[in-house]
Amino acid sequence: MFSKLIGNIFPTTKFYFKWPISFSTFMIFVIMILIIMFDSLKIVEGCSSRKVLEDTITERPGSKPTEQPKPAVEQPQCKPYTGDSINPVAGLTTNEWRTRYKMAMLLGGSADAIGYYRGRWEFQLKGQIIHDEVKAKGGIKSLNVSKPNWTLSDDTIMHLATGEAITEYIKTSANDLEKLYITIAKHYIKCMLDMVDRAPGTTTMKTVAMLDANDPKGYIIPFDDRGGGCGGAMRSMCIGLLYPDPKQLDLLIAVSIESGRMTHNHPTGFLGSLTSALFTHYAIQGKPVHMWGAGLMETLDKAWQYVNKVGRDVEKNKGAWSYFRDSWSRYLKIRCLEGGTQPLFPSPYGVRERDKFYKEISFDGWGGASGHDAPMIAYDAFVGAGNSWEELANRAFFHGGDSDSTAIIAATWFAISYGHKDVPVNNYQYLEYRDRLETVGEEIFNYVEKYFNEPKM
Ligand SMILES: [Mg+2]
């Protein structure tokens with residue numbers, strides 16, 4: 001009876017443990033949990049919580065104001081861009097666009113569930129082990145992504161929260177951004193009730209507890225020296241869905257920054273939110289992929305103007321601003337992606353080389369765990385993979401870093417750009433919360449449909 005009771009209280013533990021167990025075994029289990037909790041006092045924030053490993057994470061971006069910048073990189077020999085200029089979204093019908101919006105939310109969720117694999121792959125530090133396990137399962141085409149083995153992680157739950165806040169907002173008061181912000185805060189608070197077995201980040205849990213949906217300014221939290229994790233970047237792509245028009249860039253900047261700094265009030269964190277939304281906005285416009293980084297660098301100036309104009313934490317933001325910009329500038333130079341040139345990838349650039357590179361561009365050794373490198377790794381994978389879902393997975397879902405966050409970001413851009421035609425149906429058909437994800441995509445599309453019916457230059 002005891003075992004049955006425990007099994008009912010903790011149904012997900014059935015995945016790992018076979019009941020019934022004895023009382024003494026259960027007590028050992030409880031003690032182990034307490035030890036882990038005690039140890040986790042040393043936890044530092046990625047997008048998801050994990051224990052500190054001796055040779056990896058020590059602190060978050062911004063927590064070391066005197067940190068020395070990474071050494072300058074030599075400018076590689078970049079060649080003029082020679083790729084084809086086919087716009088993958090040119091000529092789509094209204095119905096095709098509606099499907100892309102739905103699939104953007106859905107494939108993002110699918111990629112998150114795959115990259116997460118209930119923590120097994122998200123927290124695996126060796127990409128090669130993940131690749132070996134994927135191969136043993138028959139490759140990505142053989143992954144039947146459904147519960148109980150494949151559940152959504154915090155990334156999709158929070159992306160859904162952003163998206164459902166947007167859909168609530170556009171049905172009622174779509175001209176008052178303050179209302180949108182407090183609606184987003186309300187959904188972030190609510191979604192915390194659905195975080196069991198989803199590995200939410202420690203910064204997010206801590207800061208959501210500061211939000212107050214009953215106070216019109218309750219979406220504002222204090223500046224956070226340690227708020228540079230990727231929790232803002234992993235959940236903002238749907239803001240790009242809401243603002244597809246180049247004329248809406250100022251709105252996109254405002255909403256992505258404010259929603260990002262509701263939990264990650266540090267430029268490295270909230271500029272990650274801006275980047276994930278901005279690149280979704282670019283994907284919808286069919287902007288050539290090799291130009292996205294240059295677009296980001298220009299947009300950062302506008303982002304600073306916005307932060308300065310709003311006037312919150314201006315001096316602190318100024319002091320912490322350069323890490324994000326310098327990291328991206330360095331990356332774009334290495335890859336010949338500063339604008340107008342052919343992207344340059346090393347050869348070979350396999351699993352081991354990618355793991356090494358992702359670690360190098362990270363803040364502290366866990367690639368994709370910060371606001372700057374989650375969208376950066378997603379972008380690196382997206383540029384390198386082209387229209388291949390399998391290659392995108394190899395690069396963005398299966399690596400030794402924070403793989404579910406880079407996965408959801410890259411897969412959202414993929415779905416907008418290339419659709420779901422070549423994605424195995426079993427990767428998303430029975431995905432948890434499929435209806436909710438598709439509904440968000442469809443309702444946002446219905447709201448912005450007019451933009452797609454207007455002739456474009
Ligand atoms: Mg996660």
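## Terms and their grounds

Guide: Helices H16 and H17 cross in a right-handed way. The model is a predicted one.

Visitor: Which residues make the contact of H16 with H17?

Guide: H16 contributes Trp389, Leu392, Ala396 and Phe397, and H17 contributes Ser403, Thr406, Ala407, Ala410, Ala411 and Phe414. By class, eight of these residues are nonpolar, two are polar and none is charged.

Visitor: What are the angle and the distance between the axes of H16 and H17?

Guide: The axis of helix H16 (residues 389-397) comes within 8 Å of that of H17, and the two cross at roughly 150 degrees.

Visitor: Why is H16 called roughly antiparallel to H17?

Guide: Angles over 145 degrees count as roughly antiparallel. The crossing is at roughly 150 degrees, so H16 is roughly antiparallel to H17.

Visitor: What are the angle and the axis distance for H15 and H17?

Guide: Helix H15 (residues 373-385) packs on helix H17 (residues 403-418) at about 50 degrees, and their axes are 8 Å apart.

Visitor: Which residues make the contact of H15 with H17?

Guide: On H15 they are Ala374, Pro375, Ile377, Ala378, Ala381 and Phe382; on H17 they are Ser405, Thr406, Ile409, Ala410, Trp413 and Phe414. The contact divides into 10 nonpolar residues, two polar and no charged.

Visitor: Which residues touch the most other members of the largest nonpolar core?

Guide: They are Leu107, Ile114, Ala410 and Phe414, in a core of 114 residues. Helix H3 (residues 94-116) gives the most to this core, namely 11 residues. Beyond its neighbours within four places in sequence, Ile114 is in contact with Leu143, Val145, Trp150, Ala393, Phe397 and Ala407.

Visitor: What makes Met158 buried?

Guide: A residue is buried if 20 or more other C-beta atoms lie within 10 Å of its own. Met158 has 30 such neighbours, so it counts as buried. Met158 is placed in helix H5. Leaving out residues up to four places away in sequence, Met158 touches Tyr188, Cys191, Met234 and Arg235.

Visitor: Why is Gln124 called partly exposed?

Guide: Partly exposed lies between the exposed limit of 12 or fewer neighbours and the buried limit of 20 or more. Gln124 has 18 C-beta neighbours inside 10 Å, and therefore counts as partly exposed. Gln124 is in the loop between H3 and H4. Its contacts, leaving aside neighbours within four places in sequence, are Ile129, Ile130 and Gly400. The C-alpha atoms of Gln124 and Asp402 are 8.8 Å apart, although these residues are 278 apart along the chain.

Visitor: What is the phi of Asp197, and what is the phi of Asp313?

Guide: Phi is near 70 degrees for Asp197 and near 55 degrees for Asp313. Both values are positive in a residue other than glycine. Most residues other than glycine have a negative phi. Asp197 is in the loop between helix H6 (177-191) and helix H7 (202-208), and Asp313 is in the loop between helix H11 (292-310) and helix H12 (314-320).

Visitor: Why does Asp313 count as partly exposed?

Guide: The buried class needs 20 or more neighbours. Asp313 has 19 other C-beta atoms within 10 Å, so it is partly exposed. Asp197, with 16 C-beta neighbours inside 10 Å, also counts as partly exposed.

Terms used: Residues are numbered from 1 along each chain as its sequence is written. This is a predicted model: local features need pLDDT of at least 70, side-chain atom pairs count only at pLDDT 80 or more; totals for chains, interfaces and linings use all residues. Axes are lines fitted to C-alpha atoms, for helices over the stretch in contact, and angles run from 0 to 180 degrees between N-to-C directions. Helices (H or I, at least four residues) and strands (E, at least two) are DSSP runs, numbered from the N terminus. Two residues are in contact if their C-beta atoms, placed from the backbone, lie within 7 Å. Ala, Val, Leu, Ile, Met, Phe, Trp, Tyr, Cys and Pro count as nonpolar, Asp, Glu, Lys and Arg as charged, and the others, Gly among them, as polar. A nonpolar core is a set of buried Ala, Val, Leu, Ile, Met, Phe, Trp, Tyr and Cys residues joined through C-beta atoms within 7 Å. Angles under 35 degrees count as roughly parallel, over 145 as roughly antiparallel, 65 to 115 as roughly perpendicular and the rest as oblique. A crossing is left-handed if the near helix is turned anticlockwise from the far one by less than a right angle, and right-handed if clockwise.
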